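Good morning, and thank you for coming.

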Amino acid sequence: MTRILKALICQRKITLFVVALLAIIGLMNYALLPKQQSPAIKLSTALITTVFPGGSASDVERLVTREIEEELMSLEAYDEVASYSSPNISVIFYTVKVADDYEKSWDEVRRAMSALQDSMPEGCQRITVDTDFMQTAGFILSLHGENYDSQLLSDYGDRIKTALLMVDGINRIELEGDREQELVVTLDYQKMNTLRISYEQVIQMINSENFEIPLGNVTTGNEKMPLKVAKGYHAVEDIGETVIAISPESGIITRLKDISEIHIAEKNQIRALHNGENTLLFSGYFEEDTNIIPIGHALDEVLDAIVSTLPNDLYLEKVLFQPKTVEREVGNFMISLLQGIVLVVIVVFIGLGFRNALVVAVAIPLSVFITLSSMRLFNLEIHQISIVALIIALGMLVDNAIVVSDAIQVRIDHGEARFKACVDGVNEVARPVLTSTLTTICTFMPLLLLKGEMGDYLVSLPAVVIMALISSYLVAMFVTPVLAHIFFVESGKREAWKWDMTGVLDYALNHRGRILLGVTLLFFFSLSLVQIIGLKFFPYADTDMIYINAKTERLVDLDHTEDLAKEISRTVAGSDVVKQVVAMVGDGMPRFFDTMYPASPSEDYTQLLLTIDKSQIGSGRTYESLAALRDDLQRRLDENVIGSQIEVMLLEQGEPIGAPVNVKVSGDNTDQLKAAGDYVVSLLEEIPGTLNVASDFADKRLIYSMAIDRYKASQRGLSAYEIQSTLSMLVNGSHAGILYTDKADYDIKIESNAKQLSELKNVKIKSPITGEKYFIKELGELYLDDERPMIKKVDGRFVVNINAYVQSGYSAVEIQKSLANKMNTGQFPQLKFDFQGESDSINRNFGEIAITGLIFIAMIFLILLIQFKSFSKTLIILVTIPLSVIGALFGLALSGISLSFTAFLGIVSLAGIVVNNAIVLVDYIDEGTASGLCLRTACIEASKQRTRPIVLSTTTTAVGLVPLILMKNDLFTPMAVTLMAGLIMSTILTLVVIPTLMNWKRLENKYSPL
């Protein structure tokens, strides 16, 4: 290192040019780095859906879902299979073991499903595997106007979509709530009964009349020209002219219009509402790994141009616009970063004087610039997590530079030449600086090894901190001495800024037992504060959005569900805090937040997205918090909207866990599951603080069922499939091609006017074998039955989930504890009860962090052992870790903040930071004893020499966290509080406890001078 340092100092012009170049490259990389609101999360779950037309929930479960489940559970990467079997459709969420790359697992799933397809029952459609179902919309726009019907909105929507797709960086745009029209042919079943044709033949006739076959070319002279036959249908009227039958006796022609009603109607599909009126939603998705802020600016320009061309009574409004959110959030965090830099620089200038501070302060921006370049090299993005990592690292960036500059200044003050002082000063502290850097890196390594969604979400925090620490080490070792050679001079006033702790240390060394006993009691008392502080996994997202899930209590059509959505919109719009309400009827909103799971389409379901005026949320305002607003909206809806299940929801951060209180009960007896679900619900409803307590067990509902008489059907040449297929067409309708007209294209739907049970019984089905028609009532018995509308399973066993949300001011962990104390599971011996929700996530993730943290504390022990070659001194240095826990827990208790996951990360991260002060102190004590001082004197002298740089390092680190605390961010403020409070308390106690422990009898004898 000596040669390198000499070369850098001698060629300092080149060195300074390289430093300036690194700064410029860092600024360029900041501009080029992708900027997002939150980190992208790799999903370990695939969505597998299979449509089985005409199948009941039990048929779907038995014939489709069970087969797919068994195949999936045989795969190597299998972790969990959760299935939902409903009439006509099987939905399976297949989760694999955590991996760095999931593509291999997904390829295996696709191959397995392809091989399984042939064994699916007749009529079952293709198994689809979707691994991108969790993509989040980058923006959602609403096109609405009171005087515009769905057709007009659709016409404008197509033009707007085309214009938006011209913006570079937009991957795709989907229209939601586009109420398409279709051509409906309603066959009169009584007239059909008189004809010798089947319903299937009618569909085939329409399809064949409207079908176009490539005919090839014909020769005309020496030229070949393509030949085609024009399609038979060009207008709605043409459909009605289709010849259906010709009487062989009379020659009378029967046309389609003679036996049906033909009209244009809206499809029975998903609908969208904006403040209760029809709307068309545009959900846009950005290309991956792009900086969405400039894309947002370009998109704004296009939107302004589009709006200027729209009629005055037609509105195009933003429901969600991530570029603006990201720009605001990144801007706020960058301001906090700059504030932190300024505060740290001010502290350094106060503590070191102008020249020394100028040299040390350079380490901050230069380390940040190098870190930004490293982020681009390792494909890390700018978002709230990575910027917070820079803020956390901010105060530590000057620590190494302070130690190096202090060592150089001491030598200059002792009369050494600047060149020699710069080289020898760096060599003197190179080992302890490297040790302290490595120990700090070790404490952030557990976060780097987190797996799954949580690991993806937080990986940039440890990665960026580690990059920043490495950058600061390189700057301190190779740039600080060059700048010191230019600026440092002998300082006569340098000794003025010192803390004399001789009196305190004298007392501590004379009363070692009392001091150590007091600190021990203080540590155990701080641990008891956890009961008061309380546990919380992740706070809810601090956004301007709340969403509502609602279902009608009985299965109804979309019109009734739309009425429910409008009623909810009117109720919540009564609050001044709610700015707008957008609803999807029959399905969920386009996925608008990273932690949301997509909803399953259902005619009885609606999801509403509320945009909130954040200026009215906070201490002393209309609502203290979003949770308080949630509670008030829930109360209003419960009081004013009846006949439905309504849940007002807050958006989650980090790992999505859904309901914070959750009990999963699994078993093979569905009746016992229902009883267990009702039992747990009754217990939860008695516990104060619970909200929206519900079991997801699907109660049986009345259905009409047909028991086919196989003997009679086979005698008439009819199979069960042909009977079911006809019934499906009669009840649901059937697709019969597309009508292309000059104005629009329409799907052709064939249905029957037989809707009542008495009418269905009297429909005739044609036998393909005998050619005769037979009444449905002749082929079996139609009777009233009951069946569950949905069958839920996990890993092949039936399950019921009992969920509860928590009112503001209550703890999900405490509620779950109360529930566990009340429950008597012995009355359900065949069932398995699993407590999930927030409590389970805390145990699982806190445990993982704790275990990996212990591993890296062992690594810290090894690093310290290598440097000091003493078990006793290494253990003494590690005592600073519990000292930091004291401060962290006191800090949380005094600030009224719960021990959340990020707060716990802060406590774990403290381990490597606080040992640095002890390393420096013990190193100087060793130097004192090596020079002949007695151990007591060496401790006092080391305290005199090292108190100032230790306090200064602590102050810079703590001050760098101030902006993060002032932001009052629910996610990161707890981490900043634990870091700051733990570091301050540990520093104060370290300056007393470490010398006290070093003067213990065994060590005192060991270090007494000869």
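Let us start with Leu-626, which is found in helix 22, residues 626-640. Helices here are DSSP runs of H or I with at least four residues, strands are runs of E with at least two, and both are numbered from the N terminus. Please keep in mind that this is a predicted model, in which local features need pLDDT of at least 70 and side-chain atom pairs count only at pLDDT 80 or more, while totals for chains, interfaces and linings use all residues. Residues are numbered from 1 along each chain as its sequence is written, and side-chain values use heavy atoms, with hydrogens and water left out.

Is Leu-626 buried or exposed? Leu-626 counts as buried because its relative accessibility is 10%, and buried means under 20% relative accessible area, exposed over 50%, and partly exposed in between, with a 1.4 Å probe and protein chains only. Not counting residues up to four places away in sequence, Leu-626 touches Ala-541, Thr-543, Ile-546, Ile-612, Ile-617 and Leu-650; contact means heavy atoms within 4.5 Å. Ile-546 is 80 residues from Leu-626 along the chain, and their C-alpha atoms are separated by 8.3 Å.

A second residue of interest is Gln-36, in the loop between helix 2 (12-32) and strand 1 (45-51). Gln-36 is also buried, because its relative accessible area is 15%. A polar atom of its side chain lies 2.9 Å from the backbone oxygen of Thr-290, where a polar contact is a pair of N or O atoms within 3.5 Å; within protein, one must be able to donate a hydrogen and the other to accept it, and residues adjacent in sequence count only if both atoms are side-chain atoms. Beyond its neighbours within four places in sequence, the contacts of Gln-36 include Ile-292, Val-326 and His-383.

Four strands form an open sheet with mixed pairing, in the order 12-7-24-23; two strands pair if DSSP finds at least two bridges between them. The edge strands, each pairing on one side only, are strand 12 (260-266) and strand 23 (734-740).

Strand 7, residues 181-187, is mostly covered, with six of its seven residues buried. Seven bridges join strand 7 to strand 12 in an antiparallel arrangement, and Leu-183 stands opposite Ile-264 in strand 12. Strand 7 and strand 24 run parallel, joined by six bridges; Glu-182 has Asp-747 in strand 24 as its bridge partner. Strand 24, residues 745-752, runs antiparallel to strand 23, with five bridges between them, and Tyr-740 is paired with Asp-745 of strand 24.

Finally, the cores. A nonpolar core is a set of buried Ala, Val, Leu, Ile, Met, Phe, Trp, Tyr and Cys residues joined through side-chain atoms within 4.5 Å. The largest has 175 residues, and Leu-164 and Phe-282 are among those with the most contacts inside it. Helix 31, residues 901-930, provides the largest share of this core, 18 residues. A second, separate core of 39 residues includes Val-202, Ile-244, Met-706 and Ile-708. As general background, nonpolar side chains tend to be buried together in soluble globular proteins.
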